[in-house]
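The sequence and the structure are shown first, and a description follows.

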Amino acid sequence: MASQPKTNAMRILEQKKLPHHCFFYDCKHFTDALQIAEMLGQSPDMTFKSLMCQGKSGGYYAFVIPAPCTLDLKKAAAAVGEKSLALLPVKDIQQVTGYIRGGCTAIGMKKDYPVVLDVHASAFEEIIISGGKLGTQIHLAPEVFLQATNGKMLAVTVETE
């Protein structure tokens, strides 16, 4: 495969000398994190998706959760000190983050929005996140992700029985 152009996320990790590795695959259109994990034979539980929300105050927040999970908006709002949150409409993702849908990552967004990594990440030595464009993943330790984003780890997903 030819050399791949670096994304903002990759450049930031390299500048901060944070350990990670990139993985590239063929993808031309939006595919959700669960489908990508299945397509690549990866564990869906260690594949994390980035969801952007807007708080009642107008602030934006990034929540990074396992692909099979659902964001609990009440827990998420409490985690960032908001009364309520709403998922950011798909049409606004690129304008707010600088990334397109399916390539959105909490590392290297247009602004340093507060980032919450779901506590499920603590079960893994390494998690898989979007690399900042379609067909790109970054594999890194949860602690490295938190360093790169100045994020915090909290329980923000819906618990199932």
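This is a predicted model: local features need pLDDT of at least 70, side-chain atom pairs count only at pLDDT 80 or more; totals for chains, interfaces and linings use all residues.

What covers the buried residues of α5?

## Helix α5 and its cover

Helix α5 spans residues 142-149 and is mostly covered, with 6 of its 8 residues buried. The buried positions are Pro142, Val144, Phe145, Leu146, Ala148 and Thr149. Their cover includes helix α1 together with the strands β3 (60-66), β5, β6, β7 and β8 (152-154).

Just after α5, asparagine 150 adopts a positive phi of about 55 degrees.

Strand β5 pairs with β3 and runs parallel to it, the two being joined by 3 bridges. In this pairing, phenylalanine 63 stands opposite valine 116 of β5. A parallel pairing also links β5 to β8, again over 3 bridges. Here leucine 117 stands opposite methionine 153, a residue of β8.

## The antiparallel sheet

An open sheet is formed by 3 strands in the order β1-β7-β6, with antiparallel pairing. Its edge strands are β1 (21-24) and β6 (127-130), each of which pairs on one side only. From one strand to the next, the twist averages 30 degrees.

Strand β7, residues 136-140, pairs with β6 in the antiparallel sense over 4 bridges. Isoleucine 129 stands opposite isoleucine 138 in β7. Helix α1 (residues 8-15) packs on this sheet and touches β1 and β7. The direction of α1 makes about 30 degrees with that of β7.

## Glycine 102 in its loop

Where does glycine 102 lie? Its place is in the loop between α4 (93-97) and β5 (115-118). Glycine 102 counts as partly exposed because its relative accessible area is 26%, which falls between the limits of 20% for buried and 50% for exposed.

Glycine 102 and threonine 31 are 71 residues apart along the chain, while their C-alpha atoms are separated by 6.3 Å. When neighbours within four places in sequence are left aside, glycine 102 is in contact with Phe30, Ser130 and Leu134.

## Salt bridges

How many salt bridges does the structure hold? There are 2. One joins the side chains of glutamate 14 and lysine 6, with an N to O distance of 2.7 Å. Glutamate 14 has a relative accessible area of 38% and is therefore partly exposed. Lysine 6 is likewise partly exposed, at 44% relative accessibility.

The other salt bridge is formed by the side chains of lysine 91 and aspartate 92, at 3.2 Å from N to O. Lysine 91 counts as exposed because its relative accessibility is 69%, and the limit for exposed is over 50%.

Conventions. Residues are numbered from 1 along each chain as its sequence is written. Side-chain values use heavy atoms; hydrogens and water are left out. A salt bridge is a side-chain nitrogen of Lys or Arg within 4 Å of a carboxyl oxygen of Asp or Glu. Buried means under 20% relative accessible area, exposed over 50%, partly exposed in between (1.4 Å probe, protein chains only). Contact means heavy atoms within 4.5 Å. Two strands pair if DSSP finds at least two bridges between them. Axes are lines fitted to C-alpha atoms, for helices over the stretch in contact, and angles run from 0 to 180 degrees between N-to-C directions.
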